[in-house]
Amino acid sequence: MRLKTVPLLLMTMATLASTAALAQDLEALKRQVWNTECEFAASMAKRDLAGFERLLADNTLFFSGPKPLHGKAAVKQFWQRFYEGAEAPFRWEPDQVEVLADGTLAHSTGPVWNPKGELTGRFFSVWRQEAPGRWRIVMDRGGPPTEADKARAEAPRAQCAW
């Protein structure tokens, strides 16, 4: 009887170890995406259009104009206006990141503020891992702030280290 339970016990232990490793990997991937989103936001704060462009997937899709913007060149051309001038017209930071279990795609979201620190919206972005540790944004859309955002519309707390 004992000999029959040993393989079952070993299989159970291996499954638990694998599940724990996957959870740790997902947390590491979430941190990668979080840091990449912060880098993306820093490009605006630092007035670095080239930094913004580096994080766009070639086939990215942005919903930030009168019509959807398809491709890196179209997004860069439209967003260039936001990088002109000394002061950024808005800033954003993630407050939530989730990654698919297979580690290929991630979603980030967070509040958007104007230069006065007033809450003006929420962004929703989809990221694709194009190489180990290299995430590129494939979709982005902004929207109005959520009711939860409005309820906690205190001054922005810097969660991204620039």
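This is a predicted model: local features need pLDDT of at least 70, side-chain atom pairs count only at pLDDT 80 or more; totals for chains, interfaces and linings use all residues.
User: What makes Thr60 count as buried?
Analyst: Buried means under 20% relative accessible area. Thr60 has 1% relative accessibility, so Thr60 counts as buried.

User: Where is Thr60 found?
Analyst: Thr60 is found in strand β1, residues 56-63.

User: Which residues is Thr60 in contact with, leaving aside neighbours within four places in sequence?
Analyst: Contact means heavy atoms within 4.5 Å. By that test, Thr60 is in contact with Leu69, His70, Gly71, Lys72, Val75, Ile137, Val138 and Met139.

User: What makes a set of residues a nonpolar core?
Analyst: Its members are buried residues such as Val, Leu, Phe and Trp, joined through side-chain atoms within 4.5 Å. The largest nonpolar core here has 28 residues. Phe40, Phe52, Phe62, Trp79 and Trp92 have the most contacts inside this core. Among the elements that each supply at least two of its residues are α1 (2-45), β1 and β7 (134-143). The largest share, 6 residues, comes from α1.

User: Which residues does Phe62 touch, not counting those up to four places away in sequence?
Analyst: Phe62 touches Phe40, Phe52, Leu56, Pro68, Leu69, Val75, Trp79, Ile137 and Asp140.

User: Why would nonpolar side chains be buried together?
Analyst: In soluble globular proteins, nonpolar side chains tend to be buried together.

User: How many of the residues of the protein chain count as buried?
Analyst: The chain has 162 residues, and 36% of them count as buried.

User: What does the secondary structure of the protein chain come to?
Analyst: The chain has 4 helices and 7 strands. Along the sequence, the pattern is α-α-β-β-α-β-β-β-β-β-α.

Key. Residues are numbered from 1 along each chain as its sequence is written. Side-chain values use heavy atoms; hydrogens and water are left out. Buried means under 20% relative accessible area, exposed over 50%, partly exposed in between (1.4 Å probe, protein chains only).
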